[in-house]
Amino acid sequence: MEKCILLTATIAPHNVPDLKRTDSAQRENDYIEAIKFYLQFNLPIIFCENSNTKSETILEILKSSKIKFEYLTFKSQLSIEGKGKGEAEILSYAFLNSTIIKTSTSIVKITGRYKVMNFLNQINNINNGFIYVNLTNNLNYSDSRFFILNNFFYDYYLSLNFNKINEKKGLFMEHALLTSTLNYIADFNKWSLLNQKTIYEGVYGTDNTKYYNSMLKLLLKKFLYKLKIYFFKSNL
């Protein structure tokens with residue numbers, strides 16, 4: 001098995017700091033719409049959920065799709081410390097308990113309520129052994145909503161930095177992913193930027209607002225991202 005999709009999820013959040021989209025029915029519907037979107041790509045899906053909620057609707061959609069899937073759920077102990085801690089806990093649970101992940105060479109991690117509208121372009125031409133992470137802000141930040149990793153990167157780099165997440169001190173999942181990626185590169189492992197600027201659709205959980213991509217702003221972001229790829233690959 002080559003590629004799989006890992007959707008991280010919290011259907012019924014409890015006492016998660018700095019989260020405004022808390023209605024469990026709304027969140028469940030977000031995940032339903034995202035899953036329907038990702039089913040069109042015919043890749044195995046792992047739906048890993050940390051509020052110990054079994055959605056019969058989501059299960060029925062996955063079962064009727066005929067694709068290989070796993071619905072994993074557990075009760076979070078760390079989400080009360082912030083979204084980053086909860087996300088790390090979900091990743092830890094998924095990599096420990098998913099058979100699909102263990103047999104995949106590339107794991108496409110997506111924050112489960114979001115649709116990546118240029119998903120197919122992003123996963124085309126993935127090279128085995130590479131990880132794909134968007135490093136931003138002069139290598140001071142990373143985009144943890146969507147990235148592509150492998151079991152080696154998770155086991156020996158990413159998982160080792162989860163204990164550094166401390167949102168009260170301004171250290172988020174994005175920083176753990178950044179540090180892990182830079183260490184991975186420093187050890188002469190294979191990394192690349194994603195093929196394109198990632199285009200998200202969905203509702204941002206922190207302030208409960210929709211992603212908005214105006215045509216002009218999107219064109220500018222795409223152009224700047226192409227320049228970014230050029231300069232990373234250039235020998236100038």
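Which residues in α1 meet which residues in α2? On the α1 side they are Glu28, Tyr31, Ile32, Ile35, Lys36 and Leu39, and their partners in α2 are Thr57, Ile58, Ile61, Leu62 and Ser65. Welcome to this structure, which is a predicted model. Here is a short tour, topic by topic.

**Helix pairs**
- Helix α1 covers residues 24-39 and helix α2 covers residues 56-65; their axes come within 10 Å and cross at roughly 10°.
- Angles under 35 degrees count as roughly parallel, so α1 and α2 are roughly parallel to each other.
- Helix α6 (residues 151-158) packs against helix α7 (residues 173-186) at an angle of about 105°, and their axes are 10 Å apart.
- This makes α6 roughly perpendicular to α7.
- Phe152, Phe153, Tyr157 and Leu158 form the α6 side of that contact, while α7 brings Ala176, Leu177, Ser180, Thr181, Asn183 and Tyr184.

- Leu220, Phe223, Leu224, Leu227, Tyr230 and Phe231 make a nonpolar surface patch of about 620 Å².
- One of these residues, Tyr230, lies in helix α8, which spans residues 215-233.
- Tyr230 counts as partly exposed because its relative accessibility is 45%.

**Two asparagines with positive phi**
- Most residues other than glycine have a negative phi.
- Asparagine 42 has a positive phi, near 55°, and sits in the loop between α1 and β2 (45-49).
- With 61% relative accessibility, asparagine 42 counts as exposed.
- Asparagine 208 also has a positive phi, of about 60°, and is found in the loop between β12 (203-204) and β13 (209-210).
- Asparagine 208 counts as partly exposed, at 34% relative accessibility.

Terms used:
Residues are numbered from 1 along each chain as its sequence is written. This is a predicted model: local features need pLDDT of at least 70, side-chain atom pairs count only at pLDDT 80 or more; totals for chains, interfaces and linings use all residues. Side-chain values use heavy atoms; hydrogens and water are left out. Patches are made of residues with over 30% relative accessible area and no salt bridge: like charges are joined within 9 Å, nonpolar side chains (Val, Leu, Ile, Met, Phe, Trp, Tyr) within 5 Å. Accessible areas come from the Shrake-Rupley method with a 1.4 Å probe; for residues, only the protein chains shown count as cover. A salt bridge is a side-chain nitrogen of Lys or Arg within 4 Å of a carboxyl oxygen of Asp or Glu. Helices (H or I, at least four residues) and strands (E, at least two) are DSSP runs, numbered from the N terminus. Buried means under 20% relative accessible area, exposed over 50%, partly exposed in between (1.4 Å probe, protein chains only). Axes are lines fitted to C-alpha atoms, for helices over the stretch in contact, and angles run from 0 to 180 degrees between N-to-C directions. Angles under 35 degrees count as roughly parallel, over 145 as roughly antiparallel, 65 to 115 as roughly perpendicular and the rest as oblique. Contact means heavy atoms within 4.5 Å.
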